[in-house]
Amino acid sequence: MNKAPAVLIIDDSSDFCQLAKRFIQVEWAQAKVDSWDPPTRGRDGLAAALSNYDVVLLDYMLGTDDGLTWLRQLKIDQTCPPIIFLTGHGSEAVAVEAMKLGASDYLRKHDLSKQRLINAISDCTAGAHAVAISRPATSVHLVAKRQERS
């Protein structure tokens, strides 16, 4: 991807938001990276803001709310940008459900690296879906694809 992406991070962890922003801006110095704290901001105004972004990073645990509920609501809007679903507490079942609900990718926070995040953003902004050609598929992606076919 040549153009610096506009990324919205929906996560209640300011530490994670800062880390993800740093990863993104090391790769794309001109990237627009904003964060949205669900416990303090809720969903009001989010739908209107989405059109300003190329990709959304959405966490699974959002205070007392969960990211699957947010994903379901966000994907109602056909103009919603690709969503990369993130979790530090998820399971294979959460990954499969996120993919079924329209997530473009699923990343686990505990083994997230700068390169994995950059690859996922690049894949999403290039129109790639769950299994990207530029990197090997994970078991989570393959399980999601298998369940989509059944």
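Me: At its relative accessibility, does Phe85 count as buried or exposed?

Reply: This is a predicted model. The cut-off for buried is under 20% relative accessible area. Phe85 has 0% relative accessibility, so it counts as buried.

Me: How do I read a pair of aromatic rings?

Reply: Two values describe such a pair: the distance of the centres and the angle of the planes. The structure holds two aromatic pairs. In one, Tyr60 and Phe85 are tilted, with 6.1 Å centre to centre and 55° between the planes. Tyr60 is in the loop between S3 and strand S4 (61–62) while Phe85 is in strand S6, so this pair ties together parts 25 residues apart in sequence. Tyr60 counts as buried because its relative accessibility is 16%.

Me: Which residue forms a stacked aromatic pair with Phe85?

Reply: Tyr106 does, at 6.3 Å centre to centre and 20° between the planes. Tyr106 belongs to strand S7 (residues 105–108), 21 residues from Phe85, and the pair links distant parts of the chain. Tyr106 is buried, as is Phe85. Through these ring pairs, Tyr60, Phe85 and Tyr106 are linked into a cluster.

Me: Where do nonpolar side chains tend to be in soluble globular proteins?

Reply: They tend to be buried together. In this model the largest nonpolar core has 26 residues, and Phe85 is among those with the most contacts inside it, as are Leu8, Ile10, Leu46, Leu58, Leu71 and Leu74. At least two residues of this core come from each of S1, helix H3 (46–49), S3, helix H4 (67–74), S6 and helix H5 (92–100). A second, separate core has 21 residues, including Ile9, Leu57, Leu117 and Ile118.

Me: What does Leu74 touch, leaving aside residues up to four places away in sequence?

Reply: Leu74 touches Ile10, Leu46, Leu50, Leu58, Cys80 and Ile83.

Me: Which residues of H1 are buried?

Reply: They are Phe16, Cys17, Ala20, Phe23 and Ile24. Viewed down the axis of H1, they fall within an arc of 130°, so they line one face of the helix. Asp15 and Val26, on the other side of H1, are exposed. The buried residues pack against strand S1 (6–10), strand S2 (32–36), strand S3 (55–59), strand S6 (83–87) and helix H6 (114–125).

Me: What span should helix H1 have?

Reply: At 1.5 Å a residue, its 14 residues (14–27) should span 20 Å, and the end C-alpha atoms are 20 Å apart, which agrees.

Me: Which residue lies over the face of Phe16?

Reply: Lys109 does, at 4.4 Å from the ring centre. Elsewhere, the charged end of Lys32 sits over the ring of Tyr53, 4.7 Å from its centre.

Key:
Residues are numbered from 1 along each chain as its sequence is written. This is a predicted model: local features need pLDDT of at least 70, side-chain atom pairs count only at pLDDT 80 or more; totals for chains, interfaces and linings use all residues. Side-chain values use heavy atoms; hydrogens and water are left out. Helices (H or I, at least four residues) and strands (E, at least two) are DSSP runs, numbered from the N terminus. The expected span of a helix is 1.5 Å times one less than its number of residues. Buried means under 20% relative accessible area, exposed over 50%, partly exposed in between (1.4 Å probe, protein chains only). The arc is that of the directions from the helix axis to the C-beta atoms. Contact means heavy atoms within 4.5 Å. A nonpolar core is a set of buried Ala, Val, Leu, Ile, Met, Phe, Trp, Tyr and Cys residues joined through side-chain atoms within 4.5 Å. Rings of Phe, Tyr and Trp (its six-membered ring) pair if their centres lie within 6.5 Å; planes under 30 degrees apart count as stacked, over 60 as edge-to-face and the rest as tilted. A charge sits over a ring if NZ of Lys or CZ of Arg is within 6 Å of the ring centre and within 35 degrees of the ring normal.
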